Amino acid sequence: MIAVIILIVVALVVGVIFYIISTQRSLVQLEELCKNALSQIGVQLTSRWDLVQALVKMVEKYSKHEHDTLQDTINARRNDRVETADDVQKQESAIGTVIGQVRAVAERYPDLKAIEAYQKAMDSMDNYENKVRTSRMVYNDTVTKMNRMVRQFPSNLVAQMLGFGLQEYLKVDEKKTEYPEL
């Protein structure tokens with residue numbers, strides 16, 4: 001009888017240990033997927049900055065003042081690291097500001113808008129926008145899975161015990177949700 005009880009206790013302890021190990025591995029995997037998704041967004045933001053740099057060089061031919069202003073903005077923001085959801089928001093806001101300025105310059109200089117390289121660059125910018133949008137969705141989906149595991153019982157006990165916490169979602173830029181006036 002005592003042997004059966006000891007066997008049951010050992011089986012339960014082994015089961016709990018396997019559960020903790022399995023849950024820890026799942027949490028680590030999800031945490032790494034979150035970091036990877038955020039890193040992918042950072043890479044795409046860097047590529048967008050490279051494209052913005054090319055656009056600014058085109059602007060230089062038309063206006064030295066605007067070129068210098070845009071170049072200063074790019075230099076200030078380009079090397080910012082993307083390590084948190086907040087960093088992504090700041091980078092996207094900065095890129096949006098610079099692109100808005102480039103578009104304003106293009107409106108003042110119709111010859112700039114007519115350059116094929118400018119048109120290709122703006123098309124590429126739209127392509128990067130779509131890639132970043134997709135990457136944001138992948139990141140938020142991964143964060144959902146991670147946060148669910150961190151919050152649901154019994155995995156939340158293991159997450160708490162091992163120091164795993166909730167991940168931050170990327171938020172929607174409120175300006176992008178407003179419909180333009182017709």
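The protein is built from seven helices and zero strands, so its order along the sequence reads simply α-α-α-α-α-α-α. Buried residues account for 33% of the 182 residues. Of the contacts between residues at least 6 apart in sequence, 75% link residues at least 24 apart.

Confidence is worth a look before turning to details. The mean pLDDT of the protein is 81, and 83% of the residues reach at least 70. Among the elements, α6 has the highest mean pLDDT, at 92, whereas helix α7 (residues 174-177) has the lowest, at 53. Where pLDDT is low, the predicted coordinates should not be read in detail.

Helix α3 spans residues 85-108, a run of 24 residues. From first C-alpha to last, α3 covers 35 Å, close to the 34 Å expected at 1.5 Å a residue. Its buried residues include Val-88, Gln-91, Ile-95, Val-98, Ile-99, Val-102 and Val-105, and also Asp-87 and Glu-92. Residues three or four places apart in an α-helix point the same way, because each turn takes 3.6 residues.

On the α5 side, the contact is made by Met-149, Val-150 and Arg-151, and on the α6 side by Ser-155, Asn-156 and Ala-159. By class, this contact comprises three nonpolar, two polar and one charged residues.

Notes. Residues are numbered from 1 along each chain as its sequence is written. This is a predicted model: local features need pLDDT of at least 70, side-chain atom pairs count only at pLDDT 80 or more; totals for chains, interfaces and linings use all residues. Side-chain values use heavy atoms; hydrogens and water are left out. Contact means heavy atoms within 4.5 Å. Helices (H or I, at least four residues) and strands (E, at least two) are DSSP runs, numbered from the N terminus. Ala, Val, Leu, Ile, Met, Phe, Trp, Tyr, Cys and Pro count as nonpolar, Asp, Glu, Lys and Arg as charged, and the others, Gly among them, as polar. pLDDT is the predictor's confidence in each residue, from 0 to 100. The expected span of a helix is 1.5 Å times one less than its number of residues. Buried means under 20% relative accessible area, exposed over 50%, partly exposed in between (1.4 Å probe, protein chains only).
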